[in-house]
Amino acid sequence: MTSTGHPRRSIRQHPGAAAAVLAAATVLLAGCSSDDTGDNPLDGGGSDGKSVVVGSNNFAESTLLADIYGEALKAKGIKVSYKPNIGSRETTYGLLKNGSIHVLPEYNGSLLAYLDSKAPQTSLETVNAAAKAKLDSKLTLLDSSPAEDKDSVTINAETAAKYNLSATSTLADLKDIAPDLILGGSPEFQTRHQGMLGLESEYGLKFKSFKALDAGGPLTQAALKKNTVQAADIFTTDPTILKEKFIVLQDPKNLFGFANVTPLVYKSALSQEGVAALNAVSAKLDTKTLLDLDAQVQLENKDPLDVAKAWLKTAGLN
């Protein structure tokens, strides 16, 4: 399987980088070079007086996750600096390889698709093992969190009430009612296995019709809210789910693959204490929690650093 794409998180789904982003990366490399020289920069997790550099891609959730992981390191007395909103995976992966950044919140299945588009994604364990095998030797993945940000079939509150569906309902529960429903999503969703083709072959779903909109963006959200479509491809940590009381249907066959939040790190930059701190964060971060934290940032306009610190305190990780 390969990940389907969407503009809001195109960094992890489609790793193309614009010239402007590459130019910005060149500036970033120059800015970091004086702090990141030597064969093993930051060996010992900052014991040489340098900072662990935590980077993020250029969308809101990545910045929030970088703040969460970075502040968890700070809580262990590790010096941290941030390089937020860098750009695409194509850019950030290169910066990780040369040690200009040391920690980046990644999505395991999407990273694997970037490293090897033909690699099968059959389980969390196989995805992580395959991704680690493809990584540059200076890099590794730490523990994956249960939190996932990926495609889903999501229904609106009106449809949920009409057919008695809830957050525990699965895609299989749509089999008898799909012929009454209009499904919305990007044009590509209609022709992908991780889309209508897989919904039919894996779950036996045949919808009344398909309405081409955008990739989980405002057009799709508005159509689902207005009941122009009754089901749609919405990403699992989209704050609209909370705001509009949408219901995400469970995907027990993992049609939509894996997109677990997983720290990608430059091995020599972190001490064992630093590794343990990041793994402790991942152990407590699930999709419901991440959705709530995203909503605080994107709907309530709270500062992501403040949201990160507050959650770490609540989780006992500060």
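Trainee: What does the side chain of H102 reach?
Mentor: The backbone oxygen of G99, at 2.9 Å. That is a polar contact: N or O atoms within 3.5 Å, where within protein one must be able to donate a hydrogen and the other to accept it, and residues adjacent in sequence count only if both atoms are side-chain atoms.

Trainee: Ground rules before we go on?
Mentor: This is a predicted model, so local features need pLDDT of at least 70 and side-chain atom pairs count only at pLDDT 80 or more, while totals for chains, interfaces and linings use all residues. Residues are numbered from 1 along each chain as its sequence is written, and side-chain values use heavy atoms, with hydrogens and water left out.

Trainee: Back to H102. Is H102 buried or exposed?
Mentor: Buried, at a relative accessible area of 0%. Buried means under 20%, exposed means over 50%, and partly exposed is in between (1.4 Å probe, protein chains only).

Trainee: And where is H102 placed?
Mentor: In the loop between helix 4 (89-97) and strand 3 (103-107). Helices (H or I, at least four residues) and strands (E, at least two) are DSSP runs, numbered from the N terminus.

Trainee: How many residues of strand 3 are buried?
Mentor: Five of its five. V103, P105 and Y107 point one way, and L104 and E106 the other. In a regular strand the side chains alternate between the two faces of the sheet.

Trainee: Which strand does strand 3 pair with?
Mentor: Strand 10 (residues 261-266), antiparallel, over five bridges. Y107 sits opposite V261 there. Two strands count as paired if DSSP finds at least two bridges between them.

Trainee: What does the side chain of E106 meet in a salt bridge?
Mentor: R89, at 2.8 Å, N to O. R89 is in helix 4 and E106 in strand 3, so the pair ties together parts that are 17 residues apart in sequence. Both R89 and E106 are buried. A salt bridge here is a side-chain nitrogen of Lys or Arg within 4 Å of a carboxyl oxygen of Asp or Glu.

Trainee: How many salt bridges does the structure hold?
Mentor: Eight. One of them joins K134 and D116, with the closest N and O atoms 3.7 Å apart. K134 lies in helix 6 (residues 124-134) and D116 in the loop between helix 5 (108-115) and helix 6, so parts 18 residues apart in sequence are tied together.

Trainee: What is the relative accessibility of K134 and D116?
Mentor: K134 is partly exposed at 45%. D116 is also partly exposed, at 22%. Another salt bridge links K138 with D136 at 3.1 Å between the closest N and O atoms, and K138 is partly exposed at 34%.

Trainee: New topic. In what order do the five strands of the open sheet come?
Mentor: 7-6-8-5-9, with mixed pairing. Strand 7 (209-212) and strand 9 (247-248) are at the edges with a single partner strand each, so one side of each has no neighbour in the sheet.

Trainee: Which strands does helix 9 lie across?
Mentor: Helix 9 (residues 218-225) lies across strand 5 (153-155), strand 6 and strand 8, at about 165 degrees to strand 8. Axes are lines fitted to C-alpha atoms, for helices over the stretch in contact (heavy atoms within 4.5 Å). Angles run from 0 to 180 degrees between N-to-C directions.

Trainee: What about the backbone? What is phi of N164?
Mentor: Near 55 degrees, positive in a residue other than glycine. Most residues other than glycine have a negative phi. N164 is in the loop between helix 7 (157-162) and strand 6, and is exposed at 71%.

Trainee: And K245, what is its phi?
Mentor: About 60 degrees, positive again, and K245 is not a glycine. K245 lies in the loop between helix 10 (240-244) and strand 9. K245 is exposed at 61%.

Trainee: Last one. How many helices and strands does the chain have?
Mentor: 13 helices and ten strands. Of its 318 residues, 55% count as buried.
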